[in-house]
Amino acid sequence: MKTDKKQNQYRVNEQIRVREVRIVGESGSTVMPTRQALDMAHQQGVDLVEISPNANPPVCRLIDYSKFLYQQKKRAKEMKAKQVKVEVKEIRFGPQTDEHDYQFKLKHAKEFLEEGNKVRAYVFFRGRSILFKEQGEVLLLRFANDLEECGKVESMPSLEGKKMFIYLAPKKAGVAKKSQQARDREASEAEAKESMKLTKAATMEADIDVETPANGGLFANAKISADALKKLQEQQDED
């Protein structure tokens, strides 16, 4: 059913019943009678596809219709992949949340914001704890202040029934979180590159010493190469 709906979005060949159309292609655009455009399509073994029916005259392309649908589907998929999906994550507090629990939830809220999600934090007042609503407001304001580097307040604390809400939005677009496997692979690649760099530097030092016999022969060359390698490693550690 979805495929049929997609196909019916465009008029093709004899379904196009206007007097003239504008044909667009790599060489530009040309206005011609629809019958002439249909004849061109048949000669080239393609279809006449109407891509902009509201233009005057309607805009068409000479292209294989199945190929055209594939291109449209691929383009839509790429656009969807580029979009950052924003979710609203909830953080719940009690009016007398202890410090350890507060820090734990603060950490998660920071991760949510850095990934590009919004955060809705609220204090839930159970029974007579509604008497401590000022304490809940202070808690939410502290929460927003502790997240000011990665989040901005969209609305100040407000009481809705037995819950007091505050809304935070990320300051910058989210970045896809890397998996542990990806991080390990990057670390291994960086380590391998560093090792190759050190080996290359040591080899260059050895080549210089071999060309200068006055240094004392192979044993002196080996010693100098080892010293150069050690010095380079110390510089890398300092950086």
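Leaving aside neighbours within four places in sequence, P58 is in contact (heavy atoms within 4.5 Å) with V18, E20, V21, R22, E50, S52 and P53. The model is a predicted one, in which local features need pLDDT of at least 70 and side-chain atom pairs count only at pLDDT 80 or more, whereas totals for chains, interfaces and linings use all residues. Residues are numbered from 1 along each chain as its sequence is written, and side-chain values use heavy atoms, with hydrogens and water left out.

P58 is placed in the loop between strand 3 (47–52) and strand 4 (59–63), strands being DSSP runs of E with at least two residues and helices runs of H or I with at least four, numbered from the N terminus. With a relative accessible area of 8%, P58 is buried, a term that denotes under 20%, as against exposed at over 50% and partly exposed in between (1.4 Å probe, protein chains only). One of its contacts, E20, is 38 residues away from P58 in sequence, and the two C-alpha atoms are 7.8 Å apart in space.

In the protein chain, which has seven helices and eight strands, 27% of the 239 residues count as buried. Of the contacts between residues at least 6 apart in sequence, 57% join residues at least 24 apart.

Strand 5 (residues 88–93) contains R92, which is partly exposed because its relative accessible area is 41%.
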